[in-house]
Amino acid sequence: MSRTYAKPTDGPAPGKTDFDTTRWAVVIPSFNHADDVVNCLASLRVANERPRRVILVDDASTEDTVTRIAGWAAQSGESYKVVGLDHPDAGDNSGVWLTVVASKVNSGFAVSCNIGLRYVRDHTDAPFALLLNNDAAVSRSYFTELAAGIATCPSVGLATGTIYEWDRQTVWYAGGRFNPLRAVAEHYLDVPTDRQSRSTGFICGCTMLISRAVLERVGLLPEIYSPCYCEDADYSLKVAAAGFKLLYVPGAKAFHRVGSSLGREIRSPRVIYWFNRNRGYAMRRNYRGWQRAGGIAYLALTKPARALWEVLHGRPRSGAAFIRGTLAGFFDPVPDDDPKSEGRARNLS
């Protein structure tokens, strides 16, 4: 029989605040790429003031990923537990640093994130949860820098730091925005020299710190974008619309193996379809009036031209994916709210 585990209500210990990063939790959605996962976990393991809980949700990997992660944890001397979504003892994880949730069904990025976020929200007292890609790693000072950067902003809802590519030098994200006239999330690439935290319009899901207040009032990630793309942009817009601040902290450095999961330069027709469909979804869910019209007009004008370019270069399936994805983004039923974020991401208890 499944048991229910109540969320702690006693609050932080004396002297502990919401900005004490040892009270935080990390949620890692993962699919295959065990070497990347181990690198990610290893960076968390040695981080200063590391969070006390890491929840890794394996999205039915086809490789022996879970076994390799468990082996790494055992060899490293870290406490860990491997559970299934329906395991009767899944909620009893107090004192365990790494909980690996082994899903039997591949459901996509947002669903995997929500499984972990729902657990943090409902079964811990963590004031913040960090979403972290399995192909990312954090610097040793990441959590202390991030905490210092958000401590002066009491209404912070989402936050992140500077994300570099895997070479540790090339900036991949230094704040950003969702551009409604192009229907796409844009990354800024200039890191401020003053290292001061500042508001931003878009928090990348690669490293997204989410406050408990957001989890409780706004909810979980939208799952209509499954399996991937644009859920972080949609969530950023929803959180900002709810009155929370989105904060970029330049000194908190993370590193991302860009494109390791889905490709960077040459994308499959399936990925092209998702990306273009979801851009239309994001426009329709978050914008009205001239902004929505402008974004849809941009897609309607540019995507047929891109499809023709793909065909002329010998990639007819990719060309078709541009057209099909754009049409789906325009005409598929897309609810303003996302009840699936509550229904599909099941508890660990």
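Strands β7 and β8 (residues 171–173) pair in the antiparallel sense over two bridges, where pairing requires that DSSP find at least two bridges between two strands. Strands are DSSP runs of E with at least two residues, numbered from the N terminus. The model is predicted: local features need pLDDT of at least 70, side-chain atom pairs count only at pLDDT 80 or more, and totals for chains, interfaces and linings use all residues. Residues are numbered from 1 along each chain as its sequence is written, and side-chain values use heavy atoms, with hydrogens and water left out.

- The hairpin of β7 and β8 has five residues between the strands, and arginine 168 in the turn shows a positive phi of about 70°.
- Isoleucine 163 has tyrosine 173 as its bridge partner in β8, and isoleucine 163 also stands opposite alanine 254 in β13.
- Nine bridges link β7 with β13 (residues 245–256) in the parallel sense.
- β7 runs antiparallel to β12 (residues 207–211), joined by two bridges; alanine 159 has leucine 209 as its bridge partner there.

**Cysteines**

- The structure contains zero disulfides, a disulfide being a pair of cysteine sulfur atoms within 2.5 Å.
- For cysteine 40, the nearest cysteine sulfur belongs to cysteine 206, 9.0 Å away; cysteine 40 is buried at 0% relative accessibility.
- For cysteine 204, the nearest cysteine sulfur is that of cysteine 206, at 5.2 Å; cysteine 204 is buried, with a relative accessible area of 4%.

Key
Helix = DSSP H or I, 4+ residues; strand = E, 2+ residues; numbered from the N terminus. Buried < 20%, exposed > 50% of the residue type's maximum accessible area, 1.4 Å probe, protein only.
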